[in-house]
Amino acid sequence: MKSVPIGQYMVNNGLITEEQLQNVLDAKKNDPNSAGKFFGDYVVELGYVTDVQFAQVLSRKQNIPFVDLDDPETVIDPEAVNKIPEALAKKHTIIAIKITGKRLTVASYDPVNFYIFEDIKVTTGMDVVPVLATKAAITKAIGKIYSSAAVGGLIEDVENNYKGSAEDVDKELEERVNDAPIVKLCTTIVESSFRADATDIHIEPFQTFTRIRIRVNGDLIELMNISNVVHNSLITRIKIISGMNIAEKRVPQDGRFSQVVDGTKLDVRVSNLPTVNGEKCVIRILATGDVGVRKITDLGMSDYNYDRFSRLIKVPQGVMLVTGPTGSGKTTTLYAALGELAKPNVNVITVEDPVEKNIEGINQCQVNAKAGMTFAAALRSILRQDPDIVMVGEMRDQETAEIAIRAAITGHMVLSTLHTNDAASTVTRLVDMGVAPYMVATSLIGIVAQRLCKTVCNECKAPRLSTAEENELMGIGEEAITIYDAVGCPKCNNTGYTGRRAIHEILLCTPEMASLIAADGKTDAIGQLARQQGCKLLRDNVSELVQEGITTMDELVKLTFAV
């Protein structure tokens, strides 16, 4: 079997079709930058399998163990990592993960490359045991493990460089902001945050120190504290690279910059706010075009909700709305729907603020309020571009909502988002914005309300029996069941949780629902009819996760508690 090419092996095992294999071979043949790229790079780029799935196939074919470095349960021994210098690890994209006597286990995405392992053997003086891992996971692990050891020393260097009072530092600010330690500190903060899967970085000045916190899984956790004499130089460095006015310290400013971390290009948005102790800076790390668009099967929906969502996106025309608070994964859901709908025979156009991911085969426009390119203005022009499917980043005002709904009535499929708490209140929000109820009833296909719910750490979760009050909140009988509490351990950074998954509430606009909306039905009546027609509420969804031991009662209360 080893002599069979990997592409044919995948076809024989039903992982890809003959047609897909030919597409991969054609892409490789026609790519002017094919040097140094493997078959696996192309099959992953074309979206036929994920990088993890391909690595698992390769592992079976070559009979070499596969290690998922992204799995929190995978332990990497720091002593093993230190056996290989960082420069060599980056050169070959490898990382040592375990020492067993005189044998060093090394993860590589090219485990049959004899020259790499000969190089390591000469450097370490140890026998090498290769295992297989994905290139992206190895790159991320290299950045995370080698850099974390250097952060403490870097902060010390920066603070030693800025001895003296804040006033002294201010005088020499512009000369100092480009020197190595402050540049390195700024880069390290973004790198460490990205590797911790953070969405935001908060740089907060206080009287005696500056606190840097990052938002991971929706919660702020402390990354580091630095001396307050470094604060002004750090903020000035961020202002320079994000295109702000460094002389203006009295008014809020916004900016943006790009940074490459572990081979991924990040789009970074910066917001600056003057406070009594100095300027507070919040940095938003946006997902980029380098991060693949999820498929609708990867959204974490229950089978019941997935079936309802699939029915929604089959409707040829109308409005589908995704609702929820900021940071609840609305855009990810919309992109997944677009990825499913964007076929070669349809014209898909989006208007977003900002464009977060570049999707192949879709025309994407970015809002620019200063130039007069608002959602409403862009939407008017888009409708003259012969679109089949239109995505509007957000319905912010009456004008945008009306144009989008008229577009749906005239035969287009429109996808958009709104900030509402649940599916039923979305209808009344549209009516409150000034859209006539009959227009909402005529155009609406359905509404997906969603939240992100933290998943409890399997290593340290503690079982217990539920109380009568908790059973009532979960909507189950009086008999106590086993549920879990978050505790905290080194694997989950003592938070008790590892990652998040989406919970959904999907309302379908049936003929009865359309009649109720047209008659100006209120939120309670719409919600009641939706439940009668099989709509599972957010609370039902999260309650199931608590009963399955995937999340905790704390999350149920935090996400769905109402007075």
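Let's start with G125, which sits just after helix α7 and takes a positive phi of about 70 degrees. Before I go on, a word on the model: it is predicted, so to speak of local features we need pLDDT of at least 70, side-chain atom pairs count only at pLDDT 80 or more, and totals for chains, interfaces and linings use all residues. Residues are numbered from 1 along each chain as its sequence is written, and side-chain values use heavy atoms, with hydrogens and water left out.

Back to α7, which spans residues 114-124. When I say helix I mean a DSSP run of H or I with at least four residues, and a strand is a run of E with at least two, both numbered from the N terminus. Which residues of α7 are buried? They are I116, F117, I120 and T124. Buried here means under 20% relative accessible area, exposed means over 50%, and partly exposed is in between, with a 1.4 Å probe and protein chains only. Those four cover an arc of only 90 degrees around the axis, which puts them on the same side of α7. The arc is taken from the directions that run from the helix axis to the C-beta atoms. On the face turned away from that buried side you'll find the exposed residues F114, Y115 and V122.

What covers the buried side? The cover for α7 includes α6 (86-92), β1 (94-100), β2 (103-108) and β3 (127-132). At the N-terminal end, N113 is the cap, with a side-chain oxygen 3.2 Å from the backbone nitrogen of Y115.

Now follow the chain around α7. It crosses from β2 through α7 to β3, and this β-α-β crossover is right-handed. That term means that, with the strands pointing away from the viewer, the path from the first strand over the helix to the second runs clockwise. β2 and β3 run parallel and are joined by six bridges; strands pair if DSSP finds at least two bridges between them.

T105 has a relative accessible area of 9%, so it counts as buried. Leaving out residues up to four places away in sequence, T105 touches I95, A96, I97, K98, V129 and V131, where contact means heavy atoms within 4.5 Å.

Most residues other than glycine have a negative phi. T93, in the loop between α6 and β1, is not a glycine, yet has a positive phi of about 50 degrees. T93 is buried too, at 12% relative accessible area. N217, in the loop between β5 (209-216) and β6 (219-227), is also a residue other than glycine with a positive phi, near 55 degrees.

Next, the nonpolar cores. A core here is a set of buried Ala, Val, Leu, Ile, Met, Phe, Trp, Tyr and Cys residues joined through side-chain atoms within 4.5 Å. The largest has 42 residues, and L321, M395, L430, M513 and I517 touch the most other members. Helix α16 (residues 398-409) gives the largest share of this core, six residues. Apart from it lies another core, of 28 residues, among them I182, I203, I238 and M244.

Two of those names, M513 and I517, bring us to helix α20 (residues 511-518), where they are buried together with A514. Seen down the axis, the buried residues of α20 fall within an arc of 100 degrees, so they line one face of the helix. They pack against α17 (423-432), α18 (437-443), β15 (444-456), β18 (497-508) and α21. Just after α20, D520 takes a positive phi of about 60 degrees.

Is C535 buried or exposed? It is buried, with a relative accessible area of 5%. Beyond its neighbours within four places in sequence, C535 is in contact with R308, E505, I506, L507 and A530.

Last one: D267, in strand β8 (residues 264-275). At 13% relative accessibility, D267 counts as buried. Its side chain makes a polar contact of 3.2 Å with that of R256 and one of 2.7 Å with that of R269. A polar contact is a pair of N or O atoms within 3.5 Å; within protein, one must be able to donate a hydrogen and the other to accept it, and residues adjacent in sequence count only if both atoms are side-chain atoms.
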